[in-house]
Amino acid sequence: MPTDVIKAKNISYLWAYMVKFCIGSVSVASCFLQPMGSERMEMRKRQMSVQQESVAGTTAPAQNEQPSQGNRGSNACCFCWCCCCSCSWNEDRDERNRRASYDFKAEGNADFEESLKPTAEEVCLWGQSFDKLMHCPAGRSAFRQFLRTEFSEENMLFWLACEEFSKETNKSVIEEKARIIYEDYISILSPKEVSLDSRVREVINRNMLEPTSHTFDDAQLQIFTLMQRDSYPRFMNSMVYKNLLKTVSEQSVES
């Protein structure tokens with residue numbers, strides 16, 4: 001066979017091999033590139049769906065108010081979003097409203113008494129006995145203002161709360177108010193805790209199992225005696241009482 005013919009065949013075989021190799025490499029590359037592109041699209045779709053689900057999950061409780069998620073939100077811990085139902089800082093909204101209304105009612109009576117103006121005769125009667133002072137609305141108001149200066153106003157607030165509590169007859173209301181009074185004035189964790197001895201505290205703890213309108217009778221009497229023996233003499237010798245007595249005496253003379 002001539003040499004030129006052999007060279008031509010070799011060149012044709014070489015071109016055919018190169019064309020075949022290029023076509024094969026293109027097909028192989030397309031086989032790799034297409035899956036990579038589809039995987040990227042799938043990953044992007046998954047990310048978008050996850051984001052949509054997370055957004056829907058955060059807005060769903062506020063819109064639908066599902067019971068399980070709503071309870072979780074109300075009982076969430078103060079420092080994290082979890083199911084810490086036993087967190088001591090958590091209270092239901094209705095319970096906070098009832099507590100606020102009761103506190104306003106108990107302290108509102110004392111605030112109302114502050115607006116009363118006593119007569120000269122009433123102020124003179126306060127000096128005769130502590131009972132006459134406490135049974136006079138204007139006297140309780142003046143004495144409460146004095147207790148504020150001694151940082152012992154909680155004694156008067158507790159006594160007033162017990163006075164109102166003793167008039168309750170509804171069992172469910174008695175149980176609720178008994179718990180509130182205990183948490184506000186008896187509990188050692190309360191900033192308004194009153195000073196009671198261990199015997200009275202034991203009586204209260206037993207009575208709290210089935211509270212009645214007489215649950216705090218012993219505690220109220222002890223706080224009343226404490227104010228009578230400790231704060232009342234200082235009040236009678238204070239400038240608050242002397243100035244008040246002088247003012248109402250001058251007004252009575254002028255009138």
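A search of the whole structure finds eight salt bridges, a salt bridge being a side-chain nitrogen of Lys or Arg within 4 Å of a carboxyl oxygen of Asp or Glu. The model is predicted, so local features need pLDDT of at least 70 and side-chain atom pairs count only at pLDDT 80 or more, while totals for chains, interfaces and linings use all residues. Residues are numbered from 1 along each chain as its sequence is written, and side-chain values use heavy atoms, with hydrogens and water left out.

| Side chains | N to O distance |
|---|---|
| Arg 234 and Glu 150 | 2.6 Å |
| Arg 234 and Asp 230 | 2.9 Å |
| Lys 177 and Glu 164 | 3.6 Å |

The side chains of Arg 234 and Glu 150 meet in a salt bridge. Arg 234 belongs to helix α10 (residues 217-236) and Glu 150 to the loop between α6 (137-149) and α7, so this pair ties together parts that are 84 residues apart in sequence. Helices here are DSSP runs of H or I with at least four residues, numbered from the N terminus. Arg 234 is partly exposed at 36% relative accessibility, and Glu 150 is partly exposed at 26%; buried means under 20% relative accessible area, exposed over 50%, and partly exposed in between, with a 1.4 Å probe and protein chains only.

Arg 234 also forms a salt bridge with Asp 230. These two residues are four apart in helix α10, a separation of about one helical turn. Asp 230 is partly exposed, its relative accessible area being 36%. An α-helix has 3.6 residues a turn, so residues three or four places apart point the same way.

The side chains of Lys 177 and Glu 164 likewise meet in a salt bridge. Lys 177 lies in helix α8 (residues 171-186) and Glu 164 in helix α7, so the contact ties together parts that are 13 residues apart in sequence. Both Lys 177 and Glu 164 are buried. Elsewhere, a network of salt bridges links Arg 144, Arg 148 and Glu 153.

Helix α7 itself covers residues 153-165, and its 13 residues should span 18 Å at 1.5 Å a residue; the end C-alpha atoms are 18 Å apart, which agrees. The expected span is 1.5 Å times one less than the number of residues. Twelve of the 13 residues of α7 are buried, so the helix is mostly covered. Among the buried residues are Glu 153, Trp 159 and Glu 164.

Rings of Phe, Tyr and Trp (its six-membered ring) pair if their centres lie within 6.5 Å; planes under 30 degrees apart count as stacked, over 60 as edge-to-face and the rest as tilted. Phe 130 and Phe 143 form an edge-to-face pair, 5.5 Å centre to centre with 75° between the planes. Phe 130 lies in helix α5 (residues 130-134) and Phe 143 in helix α6, so the pair ties together parts that are 13 residues apart in sequence. Phe 130 and Phe 143 are buried.

The rings of Phe 143 and Phe 146 have centres 6.5 Å apart and planes at 25°, so this pair is stacked. Both residues lie in helix α6, three residues apart, about one turn of the helix. Phe 143 counts as buried at 0% relative accessibility, as does Phe 146 at 6%. One aromatic cluster is formed by Phe 130, Phe 143, Phe 146, Trp 159, Phe 224, Tyr 232, Phe 235 and Tyr 241.
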